[in-house]
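Me: Hey, could you walk me through this structure? I'd like to go piece by piece.

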Amino acid sequence: MVERNRRLLLRRRPVGLPAKADFDLVEEPIPEPRAGTILVRNHFCSLDPAIRGWLDDVPSYLPPIPLNDPVRAITLGRIVTSRHPDFQSDGWVVGMNAIEDYSIAEPDGFLRPVDPAAVPSITLYLSALGAVGVTAYFGVMEVCRPGPGETMLVNGAAGAVGSIVGQIARLKGCRTIGIAGGSAKCKRLTERYGFDAAIDYRGKSPEALSAALATAAPDGVDMVFENVGGMLLDTALMHLKLHARIALCGLISEYNSMTGSVGARNLWQLIVKRATIQGFFTGDFLNRSAEARTALAAWIEKGLLVVDEQIEEGIENAVPAFLRLFAGTHDGKLILRIAG
Ligand SMILES: NC(=O)c1ccc[n+]([C@@H]2O[C@H](COP(=O)([O-])OP(=O)(O)OC[C@H]3O[C@@H](n4cnc5c(N)ncnc54)[C@H](OP(=O)(O)O)[C@@H]3O)[C@@H](O)[C@H]2O)c1
């Protein structure tokens, strides 16, 4: 057990890709929980693209992280001291905390107890049974609304959300096409996640990408699950079927842009195809997240859902580990081990 609380503070707002100098790892005394709160020893934290958005001083669904505050992240940890009647010391919780050894947490809509004995691996609470799985589940079921025999295109298909999206769509009887960076990831798409076709976007011109998509889906796609944006979204828009649905989950290709948003230039295709594009946020489904977790847990138990996680070691590696999200040098859900 460390004597002090190591915390990753945001020192300045990144311009483009975050740099190590934007952050500072400091040591502070372990805080004391006040009445109504708990002290959590964080064991793992979830490294999510959303963190990049919170580093900027722009309006979002959560406020920007103030300068000199610890970097906000979802963590999985064990309660050291509870001063809240609903939480027992030694119990495990998931919550919106920060990249730090110890967090003070209180019920805020995000904090929830979890049972390590109920799952094959506790880190599932940060991947398929956490925000990632809930995002994939409701993005597919509520926003895309798949019908059997329909075709779904997933951009960012080999990532944490995308790999689960493709598998849910397949379980719902859809044909799935995944786009990802590199031949190794494309192999994973078809061999591990059961996609019917995979396209490597790296090094491809918009024309070459469009031609590859036309080959994979000659009649067009009924649904697009969008994680990337930019050229990938623009290309997808040119291959929609009539009444297509586009679930706008993320636009990671723009998160570090130094020249502003690329924007979707082929939006006129929404008119041509009478298509719908809908942005959504997992937080809006918090009160229904148990429904998603029950379905996802059942699929995992039956061996119908493959979940991949990449666990990076040590809070001192938080920044390089986080940057893997933008280099694409990780497989599955990116998690940082802080303790244990
Ligand atoms: N709306 C919501 O509530 C919600 C919730 C969770 C996540 N999200 C969004 O979902 C998306 C996926 O998140 P995740 O946690 O599953 O991450 P992830 O897919 O595991 O990791 C990010 C992946 O994005 C790709 N990427 C990174 N930079 C790129 C660029 N400049 N151009 C093209 N591709 C790039 C890389 O894959 P390749 O190697 O294949 O390029 C990378 O592996 C993100 O956009 C995130 O913001 C939204």
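Me: Let's start with two helices. In which handedness does α5 pass α6?

Reply: α5 passes α6 in a right-handed crossing, where right-handed means the near helix is turned clockwise from the far one by less than a right angle. Helices here are DSSP runs of H or I with at least four residues, strands are E runs of at least two, and both are numbered from the N terminus. By the way, this is a predicted model: local features need pLDDT of at least 70, side-chain atom pairs count only at pLDDT 80 or more, and totals for chains, interfaces and linings use all residues. Residues are numbered from 1 along each chain as its sequence is written, and side-chain values use heavy atoms, with hydrogens and water left out.

Me: OK, and which residues of α5 and α6 make the contact?

Reply: Pro-206, Leu-209, Ser-210 and Leu-213 come from α5, and Met-231, Leu-232, Thr-235 and Ala-236 from α6. Contact means heavy atoms within 4.5 Å.

Me: What angle do α5 and α6 pack at?

Reply: About 45°, with the axes 10 Å apart; α5 covers residues 206-216 and α6 residues 230-237. That makes α5 oblique to α6, since oblique is what remains after under 35 degrees (roughly parallel), over 145 (roughly antiparallel) and 65 to 115 (roughly perpendicular). Axes are lines fitted to C-alpha atoms, for helices over the stretch in contact, and angles run from 0 to 180 degrees between N-to-C directions.

Me: How many bridges does β3 have with β4?

Reply: 7, in the antiparallel sense, with β4 being residues 72-82. Two strands pair if DSSP finds at least two bridges between them. Arg-41 has Arg-78 in β4 as its bridge partner. β3 also runs antiparallel to β6 (residues 102-105), with 4 bridges, and Val-40 stands opposite Ser-103 there.

Me: And what's the strand order in the open sheet?

Reply: The order is β10-β9-β8-β11-β12-β13, 6 strands with parallel pairing. β10 (197-200) and β13 (276-279) are the edge strands, each pairing on one side only.

Me: Where does α5 sit on that sheet?

Reply: α5 packs on the sheet touching β8 (151-155), β9 and β10, and its direction makes about 175° with that of β10.
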